[in-house]
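Reader: I am new to this structure and would like to go through it step by step. Could we begin with the aromatic residues and then turn to the rest?

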Amino acid sequence: MTAIATTGADNRRKPRMRWLSLSSGARYSLPVLVLLAVGFVAPLIAVIAFSFAEPRSFAVFGAPTLENYRTIFDPANTVYLSFLWSLFFAALAVVILALLCYPVAYGLAHIFGRWANLITLLLVFPLFISENIRLFGWVLFFIKNGVLDGTMKTLFGLEVQSLLFTPPIIVFGMVYVYLPFMLFPMVLGLSMVPRDVVEAAGDLGASRLQIFREVELPLAMPGFIIGGLLTFVLSVGAVAESKVLGGQSVIVITHDIEIAFTYAQNWPLGAALSVLLMVVIGALVLLVLRYLDLDRILGRR
Amino acid sequence: MTEPILRLSGLTKRFGEFTAVNEIDLDVEEGEFFTIVGPSGSGKSTLVRMLAGLEEPSGGEIALRGRRLNETPANRRPTCMVFQSLALFPHRSVGQNIEFPLKMRGVAREERRTRAMELLRLLRLPEAYYGKNVTQCSGGERQRVALARAFAYDPEILFFDEPLSAIDYKLRKTLEKELKDIHKETGKTFMYITHSLEEAMVMSDRIGVMRAGDLVQVGTPEEIYTRPRDKFVSEFMGEVNVIDVRRGMNGRASGVGIPGDFLLREMPEGFESGHLVVRPEYLRFIDAPGEAENHLRGRLYNEYVLGSRIQYQVRVGERVFMVERLRQQAFRGKLDEEVLIGWDAKDSILVTN
């Protein structure tokens with residue numbers, strides 16, 4: 001309030017400083033607005049513009065054409081398979097992550113007590129190492145004559161075939177890399193459930209299962225949804241898992257996009273694929289966010 | 001006398017080395033409004049949480065109509081608790097909150113709705129509130145929703161864990177009376193926990209005073225007020241004047257640190273030393289020593305207006321005595337003047353520890 005009043009007084013004296021009459025909110029957000037415009041909106045517009053450009057050209061400002069989209073939706077083209085693989089992998093990773101993280105999240109929120117901080121720290125540590133390096137670590141672990149194979153052979157005389165370069169290992173990679181992104185929103189969600197509300201439900205006659213269904217799950221849902229959304233979006237956009245661990249046994253959509261931009265030198269096609277991916281994910285996110293009350297998660301209510 | 005609805009025998013709860021509730025024996029009668037009162041940390045909440053099944057007793061027994069209840073989990077006990085925070089389900093409407101216990105027991109939708117409407121009427125909530133979001137209800141309304149929810153499946157006993165402590169004074173007074181009315185209308189057994197003796201006095205048929213895990217005294221509000229068992233109970237009842245006394249001459253008690261011999265209501269057998277408790281409203285200003293059976297000479301130090309009453313502080317030596325008068329009977333003395341305060345033996349209480 002004071003700041004605004006002061007600028008108001010200044011305005012009367014120095015008309016040239018008029019631009020300062022922007023509200024303080026607008027002025028403070030100016031740097032980030034500029035950054036978003038240059039680093040986010042401009043590239044987005046460029047990608048959208050490229051998606052309507054002549055195939056295999058670099059002329060963005062020529063006559064717009066739908067040729068790229070036509071290519072993608074051409075029944076002869078199998079790029080839709082990459083889309084399906086990506087969505088399938090991401091959905092599978094989210095489901096596995098949810099099942100895997102719920103018990104851990106519940107423990108972190110309610111049971112582990114003073115150990116919770118240490119466990120959290122241990123789970124966060126791997127994030128300090130580059131994702132690619134960690135994935136190559138798994139390659140050494142799973143590869144023929146690698147850690148797993150070698151150990152099994154020496155100790156039990158068992159031949160473990162290389163698990164690498166198969167679709168399941170891609171999902172494993174996604175689950176491994178994105179675990180914290182599911183776990184911590186879940187912990188947040190679960191710790192938003194008041195203990196006495198759970199106790200009250202029990203006191204009012206609800207069994208353990210009924211408490212979970214009627215009270216814990218709905219009240220923790222915002223955290224679960226955020227975790228699911230985050231890991232889904234990250235998994236759909238993941239490319240390293242399928243390249244490093246999957247060894248191109250399956251081509252996911254992000255890989256297709258990369259090929260179009262680099263090897264194939266067909267920027268307009270890559271842009272069109274990117275736009276389609278954004279539309280699919282964007283629609284999904286908006287759909288989910290409609291049921292989500294961010295105010296409640298941030299504790300404003 | 002009929003069998004008590006709830007009988008606690010030797011009920012104990014320990015947390016490690018700490019004994020929160022220490023061997024409590026108590027009978028609660030059918031239809032009674034029983035209040036447990038005590039300062040924070042006295043174990044009253046732990047006690048009621050054991051009764052509701054939220055805490056497992058370390059020893060002793062809880063029996064409901066003669067049936068042992070210790071091993072019955074909370075969701076199978078025919079009791080219900082109203083929490084301090086009320087613990088309403090924020091993601092459910094008023095109606096759904098009230099119907100929750102019925103839904104958990106598989107009662108059909110139509111029947112649940114009928115019962116919910118009945119309870120809304122009982123608790124003086126408009127029927128239109130059925131679909132209202134509980135987070136949009138006011139404090140008093142939420143209180144009533146919590147109560148309606150607790151009544152929904154007709155529990156044998158209702159426990160209340162300080163549900164009014166977070167509510168402002170005026171509304172609390174209204175809700176205290178409402179709660180007592182509802183107790184009368186439903187005839188249920190209520191067991192109420194509070195740290196406010198004032199609250200306990202307004203509502204209860206009987207009061208139990210707890211201190212450091214022990215049930216110090218059980219009695220009607222009248223008994224607790226007029227015959228506190230010890231210094232703790234008497235002081236817990238509000239501001240009181242306490243004079244340390246020991247056996248004196250002629251059946252009188254002689255003051256320790258306060259000069260004077262005081263006439264007692266009755267001299268207990270074998271009395272050696274104790275505390276003489278005189279409530280501020282039983283002390284009065286007198287003109288001459290003979291006007292009251294006991295008197296003290298002091299100096300009027302200050303006065304405070306407490307709404308309908310005025311409290312005077314009188315210094316007798318190093319000690320401060322409180323005298324309360326109704327506003328209409330204000331004392332017209334000047335500050336720092338010497339005054340005489342007096343009381344009759346029947347208005348004093350002798351406690352022995």
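Reader: Which residues of chain A form one aromatic cluster?

Author: This is a predicted model, and what follows is computed from its coordinates. In chain A, one aromatic cluster is made up of Trp138(A), Phe141(A), Phe142(A), Phe172(A) and Tyr176(A).

Reader: How many aromatic pairs are there over all chains, and of which kind is the pair of Trp85(A) and Phe88(A)?

Author: Over all chains, the count comes to 29 aromatic pairs. For Trp85(A) and Phe88(A), the ring centres are 6.2 Å apart and the planes stand at 65°, and since planes over 60 degrees apart count as edge-to-face, this pair is edge-to-face.

Reader: Where in chain A do Trp85(A) and Phe88(A) lie, and are they buried, partly exposed or exposed?

Author: Both residues belong to helix α4 (residues 79-111) of chain A, and because they are three residues apart there, about one helical turn separates them. The relative accessible area is 30% for Trp85(A) and 44% for Phe88(A). Buried would need under 20% and exposed over 50%, so Trp85(A) is partly exposed, and Phe88(A) is likewise partly exposed.

Reader: What kind of aromatic pair do Phe33(B) and Tyr192(B) form, and how far apart in sequence are the parts that the pair ties together?

Author: Phe33(B) and Tyr192(B) have 5.9 Å from centre to centre and 45° between their planes, and the pair is tilted. Phe33(B) is buried, as is Tyr192(B). Phe33(B) lies in strand β3 (residues 33-37) of chain B and Tyr192(B) in strand β8 (residues 189-194) of chain B, so the pair ties together parts whose separation in sequence is 159 residues.

Reader: Which aromatic rings of chain B have an arginine over them?

Author: Arg315(B) lies over the face of one ring, that of Tyr301(B), at 4.1 Å from the ring centre. The charged end of Arg319(B) sits 5.4 Å from the centre of another ring, over which it is placed, and that ring belongs to Phe321(B).

Reader: Which residues have the most contacts inside the largest nonpolar core, and what does Phe159(B) touch?

Author: The largest nonpolar core has 130 residues, and those with the most contacts inside it are Leu6(B), Leu8(B), Leu26(B), Ile36(B), Phe159(B) and Met191(B). Leaving out residues up to four places away in sequence, Phe159(B) touches Leu6(B), Val48(B), Leu51(B), Ala52(B), Thr79(B), Cys80(B), Met81(B), Val82(B) and Met191(B).

Reader: How many helices and strands are in chain B, and what share of its residues is buried?

Author: Chain B contains eight helices and 20 strands. Of the contacts in chain B between residues at least 6 apart in sequence, 66% join residues at least 24 apart. Chain B has 353 residues, and the buried share is 52%.

Reader: How much area do chain A and chain B bury between them, and which three residues of chain A supply more of it than any other three?

Author: The contact involves 16 residues of chain A and 24 residues of chain B. Between them the two chains bury about 1,700 Å², with 59% of it on carbon and sulfur atoms. Of the area that chain A buries against chain B, 42% is supplied by Asp203(A), Leu204(A) and Glu214(A).

Reader: What is the average pLDDT of chain A, and over which residues is the pLDDT below 50?

Author: Chain A averages a pLDDT of 85, and 90% of the residues score at least 70. Where pLDDT is low, the predicted coordinates should not be read in detail. In chain A, the pLDDT is below 50 over residues 1-11.

Terms used: Residues are numbered from 1 along each chain as its sequence is written. Chains are lettered from A and ligands numbered from 1 in the order in which they are written. This is a predicted model: local features need pLDDT of at least 70, side-chain atom pairs count only at pLDDT 80 or more; totals for chains, interfaces and linings use all residues. Side-chain values use heavy atoms; hydrogens and water are left out. A nonpolar core is a set of buried Ala, Val, Leu, Ile, Met, Phe, Trp, Tyr and Cys residues joined through side-chain atoms within 4.5 Å. Buried means under 20% relative accessible area, exposed over 50%, partly exposed in between (1.4 Å probe, protein chains only). Contact means heavy atoms within 4.5 Å. pLDDT is the predictor's confidence in each residue, from 0 to 100. Rings of Phe, Tyr and Trp (its six-membered ring) pair if their centres lie within 6.5 Å; planes under 30 degrees apart count as stacked, over 60 as edge-to-face and the rest as tilted. Helices (H or I, at least four residues) and strands (E, at least two) are DSSP runs, numbered from the N terminus. A charge sits over a ring if NZ of Lys or CZ of Arg is within 6 Å of the ring centre and within 35 degrees of the ring normal. Buried area is the accessible area (1.4 Å probe) that two parts lose on being put together, summed over both.
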